[in-house]
Amino acid sequence: MERPVEPSRVVQVGVAIFFVALLAFPLAYKRYQRRNAAAHASASSSEILARYGFVLRESSRESGIHFTHQAPTLDPKLNHIMEQVASMGAAVSIVDFDRDGWADLYVVDSREGGHNALYRNLGNGKFEDVAAAVGLADVNQPGTGVSMGAVWGDYDNDGYEDVFLYKWGKPELFHNNAGKSFTRVTEEASLPPWVNANTAIWLDYDNDGKLDLFLGGYYPESIDLWHLKNTLIMPDSFEYAQNGGRKYLFHNLGGGRFEEVSRKMGIDSRRWSLAATAADLRGTGYPDIFVANDYGVSELYLNEGGKRFREAGKQAGIGFSPKSGMTASTGDVLNQGQFGVYVSNISEEGILVQGNNLWVPKAGSSGKDITYENMANALGVELGGWSFGAQFGDLNNDGFLDLYVTNGNVSLDKNRSYWYDYSKVAGGNRAIISDAANWPPLRGRSLGGYQHKRVWVNDGQGRFQEVAQLVGVTDVFDGRSVALGDFENSGVLDVLVANQRGPLLLYKDTVAPGRHWLELELEGTASNRSAIGAEARIFWDGRQQLQQVSGGSGFCSQNQRRLHFGLGRATAVDRVEIRWPSGRRQTLTAPKVDQILKVKEPS
Amino acid sequence: MIEQPPANTPAVPPSPPSLFARFFSPGNRYLAPLLITSILVAGQLRFGLLESFSRTSLAIATAIILELVLGRLVVRKWPHLASAYITGISVGILLRSPDFWPYALCSALAITSKYVIRWRGRHLWNPSNFSISAMLLLAPEYVATLSIQWGNDIWAMAIVWVLGAFIVWRVKRFHITLTYVLSFLALSAVRAAILGDPFLSEVAPLTGPMYQLFIFFMITDPRTTVRSVRGQCVVVFLVAVVEMILRLAGSVVAPFYALAIVGPIAMAIDLSRASRAVASPIKRSA
């Protein structure tokens, strides 16, 4: 028998030291990162402003906004996990509903009988709630479900933004009567009687000049969450669930009438949708639809000339690793003239590290063969928390899009966590997970609660730096919906955050002096009047950036339709190229900076 | 280990074992790597199981390279790489991190532990169990364990269970898996009674893929299990008991920690007893 060869003492000691070094590495790395963060955190607010170019200050109360979201109380059969099941509904969207040139905001409540609020911007830094006066407050009456979000679009091209209210319940369409009042036109529009929806967007998928509507279900539409027949209502998988709500695509026929065409157009899915956004991702001139699904992979519906959609998630590279998609936001993150798509997911240290996704078109990939790669890790925007809403916007006017992500799921008892129980049942087979009766009781514990937010500043060199605490975003509410808009017409983007069972926050932005900007307010003529789907490509200082007018993005939110471009120190813009949904192109040569430029589609 | 022929060898030599029997024999060191690779490839193609191919490749490459280096340096032999490959692939599947370095570090820890933490010439911990437990303990900010399911389909689960059970039966480790599963089920009832939670919620983890890897590949590792069949059953029962205690304390990664605690203690006791058994006749004769 061969005798084992004893290693030399030197080798033994060397390997042992190597082993200890390996064990020590995570601790040393952690220490290095903490020291690095501490060094940055010690800066004063003026240093922060100089270093990052902006600071945010929460100003909701001083602005006259006093709104706290209330969650629904569903069927008593769900009492043991009520806060987890009823963990969505806080939503906010920005609109200038009365066309006075100042951005207003609409925020929804989700308590049975609760009132939504329409805060009219008075133009002096103050807001007043006019929802009751215009007929948009009392929309959560028992028996009709509760609000989950609202999107604005001028479906009849009369110049005033109308609002589609989606609910866990009866969806509603309200016509805007010249900014004075709203009329419920749900029946005329032939909307379905009940949808448990968590996403809706306006888009003109066939570029016929009339806004169409996409609506994504979460729970199946057959379920009335207040009157359950049984407890078999949960997803049948944590990652592959296909027992959620159906999708709807309403084609605008004109005259306030809509036709549901989803199946005819190739959209047939029962994944649990939480977010959708539409953008011309391939340069075809038609908007594609990106859907972020909870408990599964995202879906990408490619628009084939306005005639049909084709689901191509796998082909495009975004339809593999299933996660918990909760937002879908587009942005030209690398100033390459192409949209990336950000999808938020769940990350909890030591338990579940899904990581958020930033889908960026692969180099050389475009047109019908476009494919994406997840650049979230490479760019440093991967680890959020239990992330919900996210939006791209140039918060410091340096010419690069930054990223605001809100986090936090259910904050109850700070010292007791439901994570263990959640992970226990979420990993189980469908026979177990799909029955709410099998879910352990929440018993007042938190699940991904009290989480800090993420504000990632784009350094323009392909990396983002997280600065939330430093620039003033310190809240730990259960964030849901994020919307960006310039509420003071001052050329900076303020941030609205709707929190579940928490206050609506308005973070006012202060940008360091010497940074310039340009805002474009587009109005369609041959295209839909809201100009949703119009693209503007701005060229300045040897750079370019692409933006589009969106009919809804993020999680249950809608940014101001006006496009905001930061320009950095540049004092001149070479040109702006606009492509309208009608296909018309328009070039603005050397527009002045630091102005809100109104642009009407040329006839 | 190749079994010796029995003493009463018949006059007529038996026909050589079939290819099937040879392939599914305990001596086939390629069996486990082939099975785990099949699961990985099928899981990735069907369900997107892996964090990414590149991260899993990094884990495998690190394990293999380090095994070669340390084998050559410490034992002065070129080691068989099946074990390192399984370690790398286990790390690649079970570890979850958005970063790359945890995959390399975890594999490196696993392989190095085999050469450093030894007792009477044997390593005590299952290498990947040790390194994953260490990573979860030392770097929870950066890593988690497998969170993805394999379709959550009863048929996908059944295939893995049947195939896994067949393999461990062929390599004579089925009693370990069975003892653990029965212990887990019984202790699930105990946990449900203590916590007042639904019994099925306590059983649920067993139906997930993390446990399928755990019960078929980790607790049955021949290098880090005790010698006797009875001892093996007692040890996995104790693993299940410690796991229950950790679960009651709310540990999400209870099975890994339980095996990391019970496994080396059992191995140390087993090796001590083996050593005493060898030494005692000499003592008596002296």
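Q: Is the crossing of α3(B) and α4(B) left-handed or right-handed?
A: A crossing is left-handed when the near helix is turned anticlockwise from the far one by less than a right angle, and right-handed when clockwise. Here α3(B) passes α4(B) in a right-handed crossing. Keep in mind that this is a predicted model, where local features need pLDDT of at least 70, side-chain atom pairs count only at pLDDT 80 or more, and totals for chains, interfaces and linings use all residues. As for names, residues are numbered from 1 along each chain as its sequence is written, while chains are lettered from A and ligands numbered from 1 in the order in which they are written.

Q: At what angle do α3(B) and α4(B) pack?
A: Axes are lines fitted to C-alpha atoms, for helices over the stretch in contact, with angles from 0 to 180 degrees between N-to-C directions. For α3 (residues 53-75) of chain B and α4(B), the angle is about 150 degrees and the axes are 8 Å apart. That makes the two helices, α3(B) and α4(B), roughly antiparallel (over 145 degrees; under 35 is roughly parallel, 65 to 115 roughly perpendicular, the rest oblique).

Q: Which residues of α3(B) meet α4(B)?
A: Two residues are in contact if their C-beta atoms, placed from the backbone, lie within 7 Å. From α3(B), residues including Arg55(B), Ala59(B), Ile60(B) and Glu67(B) meet α4(B) residues, among them Tyr85(B), Gly88(B) and Ile89(B). This contact divides into 9 nonpolar, 5 polar and 2 charged residues (Ala, Val, Leu, Ile, Met, Phe, Trp, Tyr, Cys and Pro are nonpolar, Asp, Glu, Lys and Arg charged, and the others, Gly among them, polar).

Q: How does α4(B) pass α6(B)?
A: Their axes come within 9 Å and cross at roughly 35 degrees, with α4(B) covering residues 82-94 and α6(B) residues 127-138. The crossing of α4(B) and α6(B) is right-handed. Thr87(B), Ser90(B), Val91(B) and Leu94(B) of α4(B) make the contact with Pro127(B), Ser128(B), Ser131(B) and Ile132(B) of α6(B). That contact has 4 nonpolar, 4 polar and no charged residues.

Q: Is α4(B) mostly covered or exposed?
A: Count C-beta atoms, placed from the backbone, within 10 Å of a residue's own: 20 or more others means buried, 12 or fewer exposed, and in between partly exposed. In α4(B), 11 of the 13 residues are buried, including Ser83(B), Ile86(B) and Ile93(B). Across chain B, 45% of the 286 residues count as buried.

Q: What should the 13 residues of α4(B) span?
A: Take 1.5 Å times one less than the number of residues. For α4(B) that should give 18 Å, and its end C-alpha atoms are 18 Å apart, which agrees.

Q: How many helices and strands does chain B have?
A: Helices (H or I, at least four residues) and strands (E, at least two) are DSSP runs, numbered from the N terminus. Chain B comes to 12 helices and 4 strands.
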